[in-house]
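Hi everyone, thanks for coming along. Let me put the sequence and the structure up on the screen, and then we can walk through them together.

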Amino acid sequence: MAEHLLEPDSSRRGFVNWFLGLSGVAFFLSTVYPLTRYLVPPQVAESTAGTVTLSIKPEDVKANSGQIFKFGSRPAILVRTPAGELRAFSAICTHLNCTVQYRSDLSHIWCACHNGHYDLNGKNVEGPPPRPLDAYVVNARGNQIVVSKSA
Amino acid sequence: MGVSASGLAGLLLLALLAWPGDASAQAPVDKCAACHLETGDERLAAPAKAFDGDIHKAKGFGCVACHGGDARADGMEAMSPAKGFVGKPSRQQIVQFCGRCHADAAFMKRYNPSLRVDQVAEYATSVHGRRLRELGDPKVATCVSCHPAHNIRPPSDPKSSVYPVQVADTCGRCHGDAKYMASYKIPTDQLAQYKTSVHWKTMTAKGDLSAPTCNDCHGNHGAVPPGINWVGNVCGQCHSLTADLFKKSVHAKAFAEMGNPGCATCHENHGIQTPGDFMLGLGDKAVCSTCHTAEDKGGKTAVEMRALIESLSAETEKAGAILLRADHAGMEVSQAQFDLNGAKDALVKARNAVHSYMVAPVKQEVEAGLAISTKVYARGVRAMEELRFRRVWLGVFLVVILGLIAGLVLKIRETDRRPVAGSPPKH
């Protein structure tokens, strides 16, 4: 009779132990998995950022001038054309990956490494660069300039 | 087939108007093609078949525009010399034959205002033109050698024999044929060499049609081999900064005196390969060692320049590698990666400065680059130290947490086993 009475208590304790054990394993895995992911992160080749916001007032960018800014980890160039239009391009020369610059005296973009010239549409017009600079979309938003890889 | 005198006069007038005439004056009925296709003689049918793809047909010109005759007449009457028929021009006649229209600016404007009209004049300055005029050489190229008659397409047409990618093969049909070129005693490996070059790879693998092919260095209608003294000018059309450095260097004068062809002395002419640091110095593949030794001033300069460039190259690579490791490990190093571009720029400039053949300009670029790469590397080291710090202390923290949990479990068990005061003893 006493054994019969003990049976339900024993099975309840077994169930509680099993449940606690399972919870413990779940807790352990839920701790170890993110920890492992942190210690061995996935390979990310480059920033996938598609937009960058520059803390530059649009009116502070003078006509016939250009400045280099950081787009992810890569250089890009913001240009205000002599006609007053804001434009942005990748600043990586398509010849040997040097950083290009704006030449106010020529009113276009120039690469100092091998004298490559690009017009204000980013098109390679002189020297060894084989193709145009990648063009970005520029939007003036209040006191900021937003540059995006595509519209 | 009877034709009245007035009718003949009318046809003659029509033929004169049509040759080298206006497309609008062409006869609407072209019996030339119909007849040539019906003969069953492939030799006669081939021009008529090919002409469908010809730019002249697209512009409204028929056979009589070049060959004269009467496209509306039947049989041999269409090819009557009385109707201006000239048939197939001889090799000597071809240039003037095409030039009747192509050297006439007023006429060409009506079809393509931007097309040059100096091809005949240019051809006269070419080796082909001079040999034809002076020696009557029957093997030299004329207009139709490169622009196949009856299937002439504009250079912008990918099917054209003068489309940039096709130019090398077009020239190579003669210049790559050792048997055909045997009497000229010039090399015939230009095509094979060119197809190993960086220019050919750029054009075909990267699809850059602005990469140079035969005519960009030799001219097209005025094709000649570049003179020893002006090879640098030819290369300088694209590589202007390098050409400027070379012109001011000691090598410009020395090469000219030795009869060496400027840039091509070190970089070859047709088989120009991607240049590398291995070309500099006195190593196995170094081009400097062709003339210089370790004892002379030039050799010492070359070795010193190579050492400088290699030091910057190694430092830049080292900095790039540590930043990449830090980046992959999740550290924010984009600013350092951005700054490293300055060192990479300096390396490219230093490699270009080699063409001054002086240590000082190379050293100036290398020192600027080393200053950047050293700073960037230090930032990479700091990022890796920060990463190590975070990992170690995360481990310590986890050990403490797990220890705490284990302690709590033990404590709870101990508490459960301890008899509670007033409770009945367990059996």
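Predicted model: local features only at pLDDT ≥ 70, side-chain atom pairs only at ≥ 80, totals over all residues.

Helix 20 of chain B covers residues 297-328 and helix 22 of chain B covers residues 359-417. They pack at an angle of about 20°, and their axes are 8 Å apart. An angle under 35 degrees counts as roughly parallel, so helix 20 of chain B is roughly parallel to helix 22 of chain B. The residues in the contact of these two helices split into 18 nonpolar, 7 polar and 5 charged.

Now please look at another pair in chain B. Helix 2, residues 31-38, packs against helix 3, residues 42-50, at an angle of about 140°, with the axes 7 Å apart. Helix 2 and helix 3 of chain B are therefore oblique to each other. Their crossing is left-handed. From helix 2 of chain B, the contact uses B:Ala33, B:His36 and B:Leu37. Helix 3 of chain B brings B:Leu44, B:Ala45, B:Pro47 and B:Ala48. By class, that contact has 6 nonpolar residues, 1 polar residue and no charged ones.

Let's zoom out to chain B as a whole. Chain B has 22 helices and 0 strands. Its C-alpha trace spans about 145 × 80 × 40 Å along the principal axes. The radius of gyration of chain B is 37 Å, whereas a compact globule of 427 residues would have one near 22 Å. Of those 427 residues, 29% count as buried. Among contacts in chain B with a separation of 6 or more, 58% are between residues 24 or more positions apart.

What about the partner chain? The contact between the chains takes 21 residues from chain A and 24 residues from chain B. On the side of chain A that touches chain B, there are 9 nonpolar, 9 polar and 3 charged residues.

One last stop, in chain A. A:Tyr33 sits in helix 1 of chain A, residues 2-39. Is A:Tyr33 buried or exposed? A:Tyr33 is exposed, because 10 other C-beta atoms lie within 10 Å, and 12 or fewer counts as exposed.

Note on methods. Residues numbered from 1 in each chain as written. Chains lettered and ligands numbered in written order. Contact = placed C-beta atoms within 7 Å. Nonpolar A, V, L, I, M, F, W, Y, C, P; charged D, E, K, R; others polar. Axes fitted to C-alpha atoms, helices over the stretch in contact; angles between N-to-C directions. Helix = DSSP H or I, 4+ residues; strand = E, 2+ residues; numbered from the N terminus. Parallel < 35°, antiparallel > 145°, perpendicular 65-115°, else oblique. Left-handed = near helix turned anticlockwise from the far one by under 90°. Rg over C-alpha atoms; globule rule 2.2 N^0.38 Å. Buried ≥ 20, exposed ≤ 12 C-beta atoms within 10 Å, placed from the backbone.
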